Amino acid sequence: MDESWEASGIYMLVCRVNGKRYIGQSKNIRRRLNEHRRGKGFAPLICKAIAKYGWDAFDKIVLEFCPVEELDKKEIYYIAELKPEYNLAEGGGGSKGCKPSPETIEILRQAAKKQWSDEENLKLLKKPILCIDTGEIFDSVNSAAAKAGVSRNCVSMALNGKVKTAGGYRWAYLNPEDKTSEERRKNLGKANRGRKQSAEQIEKRVAHFKGQKRENYNSYKKVVCVETGRIFDSVKIAAESVGITPCFLSKVLHGIKKTAGGFHWKFAKEVFYMTEHEVYDLLVETGAIMTAHFQLTSGLHSPHYVEKFRVLERPIYTARLCRAIAEHFKDAQIETVVGPATGGIILAHETALALGTRAIFTERVDGKMTFRRGFTLHEGERVLIVEDVVTTGGSVREVIDVVKQFGGLPVAIAMLVDRSGGKASFGDVPAFALLHMDVETYEPENCPLCKDGVPLTKRGSTGKK
Ligand SMILES: [Zn+2]
């Protein structure tokens with residue numbers, strides 16, 4: 001902006017993107033333009049347009065400098081003549097009919113020509129797009145989408161941060177300040193003249209960039225099908241396996257859609273970890289946690305009962321729970337997983353599979369817990385003990401004794417459900433449970449369910465303490 005613009009007159013803003021115009025008057029054009037730049041103003045359409053396209057997308061033209069007392073009628077004249085699209089009011093307050101000078105007419109002619117011929121500027125306003133992972137630059141969302149083999153919408157969502165990746169890649173707008181960055185690039189070019197980078201230097205930079213990507217990106221790109229437990233190396237491969245687009249799968253991975261190809265999907269890192277809510281939902285869904293009116297073997301009544309075999313009879317869910325257990329002990333250098341028969345056999349097997357260790361089980365001989373079938377432990381062997389539902393912890397304590405007896409070291413206890421309400425303890429062996437439940441129990445005479453006349457279901461585990 002010119003110093004000389006610190007004067008009263010009529011100005012025009014022309015958007016180089018769409019050619020639409022706005023005409024205004026001011027006692028000090030320069031100051032008024034600065035207000036526009038900062039988003040101030042009472043004209044809503046031009047305010048919105050400046051916010052949308054950016055201040056640099058507008059050509060600023062002084063139509064005429066004129067005395068303050070002539071501003072109103074000049075403004076009305078120009079608005080009536082040029083019908084600027086961003087003006088809502090007719091402008092001014094005075095009378096119509098004041099002709100512009102020949103110089104002003106020439107300015108208008110030039111401006112009109114510029115609006116539509118300025119394709120260079122139009123191009124600059126299209127923000128270039130960077131593929132963060134490959135370093136490739138695209139001049140539009142379209143070309144980026146075509147290269148990644150996904151829809152434009154997909155890339156847009158990634159650009160706007162709604163999803164992390166599109167087509168398995170991360171995307172970013174390259175410098176949204178079109179004009180300035182262009183100038184900066186030119187200046188940089190000048191500054192670097194004669195200081196050419198060697199091929200090695202460039203190679204090194206590229207390698208550094210790519211190395212970064214490999215390290216912190218590939219690991220979380222792995223995708224798991226929740227139902228089948230199959231792990232895929234990338235979103236793309238996972239999507240192909242069920243015949244859907246990577247973009248659609250991405251939406252599921254980021255929680256925008258629930259299923260893709262009929263399955264639930266998660267990033268590998270997330271799937272191994274389960275919250276207590278997820279465990280609870282899974283157990284209710286499979287029917288392992290039942291809500292009714294139960295008489296337990298102890299004679300007490302309870303509104304809840306856990307039938308572990310409703311989940312253990314479904315390998316997919318059991319495997320998922322055991323992977324969650326394994327996730328907690330992956331750094332504990334476990335050598336063998338031990339569980340008490342019968343439920344513990346299944347849990348030990350699945351947990352050991354996830355940990356890559358051996359799986360053995362204890363069983364009762366004449367009521368006494370022990371190892372049979374030639375199972376042994378070496379001196380100091382690190383053992384993880386697994387159990388399904390723990391009420392008092394009696395069976396688990398017996399397993400601890402057996403492990404010690406055979407020379408093993410019980411490292412920790414892992415339970416699917418600890419329904420003891422925190423009462424079960426295992427001495428110095430730390431315990432972990434996927435789900436903690438504090439199941440309320442009532443003496444039959446105080447049972448609120450009995451009072452309400454809810455029919456009684458007889459349930460209770462056999463021989464469990
Ligand atoms: Zn009852």
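**Close-up views of a predicted model**

Overview of the chain. Of the 465 residues in the protein chain, 31% are buried. The model is predicted. Its secondary structure comes to 18 helices and 18 strands. Among contacts with a separation of 6 or more, 60% join residues 24 or more positions apart.

**View 1. Helix H2 and its buried face.** Helix H2 spans residues 44–53, and its buried residues are Ile46, Ala49 and Ile50. These buried residues line one face of the helix, because they fall within an arc of 100 degrees seen down the axis of H2. An α-helix has 3.6 residues a turn, so residues three or four places apart point the same way. Pro44, Lys48, Ala51 and Lys52 are exposed on the other side of H2. Gly54 follows H2 and has a positive phi, near 90 degrees.

**View 2. The crossing of helices H6 and H7.** Helix H6 (residues 141–148) packs on helix H7 (residues 152–159) with the axes 8 Å apart and at an angle of about 110 degrees. H6 is therefore roughly perpendicular to H7, as angles of 65 to 115 degrees count as such. On the H6 side, the contact is made by Val141, Asn142, Ala144, Ala145 and Ala148. H7 contributes Arg152, Cys154, Val155 and Ser156. By class, this contact holds six nonpolar, two polar and one charged residues.

**View 3. The buried side of helix H7.** Cys154, Val155, Met157 and Ala158 are the buried residues of H7. They lie on the same side of H7, because they cover an arc of only 155 degrees around the axis. Their packing partners are H6, strand S6 (171–173) and helix H11 (246–253). After H7 comes Gly161, with a positive phi near 80 degrees.

View 4. The largest nonpolar core has 52 residues. Which residues have the most contacts inside this core? They are Ile325, Val337, Val338, Ala348, Leu384, Ile385 and Leu434. Leaving aside neighbours within four places in sequence, Leu384 is in contact with Phe329, Ile334, Val337, Thr351, Val411, Ala412 and Ala414. Another core, of 21 residues, lies apart from the largest one. Tyr22, Ile46, Tyr77 and Ile79 are among its residues. Ile46 is also one of the buried residues of H2.

How values were computed. Residues are numbered from 1 along each chain as its sequence is written. This is a predicted model: local features need pLDDT of at least 70, side-chain atom pairs count only at pLDDT 80 or more; totals for chains, interfaces and linings use all residues. Helices (H or I, at least four residues) and strands (E, at least two) are DSSP runs, numbered from the N terminus. A residue is buried if 20 or more other C-beta atoms lie within 10 Å of its own, exposed if 12 or fewer, and partly exposed in between; C-beta atoms are placed from the backbone. Two residues are in contact if their C-beta atoms, placed from the backbone, lie within 7 Å. Axes are lines fitted to C-alpha atoms, for helices over the stretch in contact, and angles run from 0 to 180 degrees between N-to-C directions. Angles under 35 degrees count as roughly parallel, over 145 as roughly antiparallel, 65 to 115 as roughly perpendicular and the rest as oblique. Ala, Val, Leu, Ile, Met, Phe, Trp, Tyr, Cys and Pro count as nonpolar, Asp, Glu, Lys and Arg as charged, and the others, Gly among them, as polar. The arc is that of the directions from the helix axis to the C-beta atoms. A nonpolar core is a set of buried Ala, Val, Leu, Ile, Met, Phe, Trp, Tyr and Cys residues joined through C-beta atoms within 7 Å.
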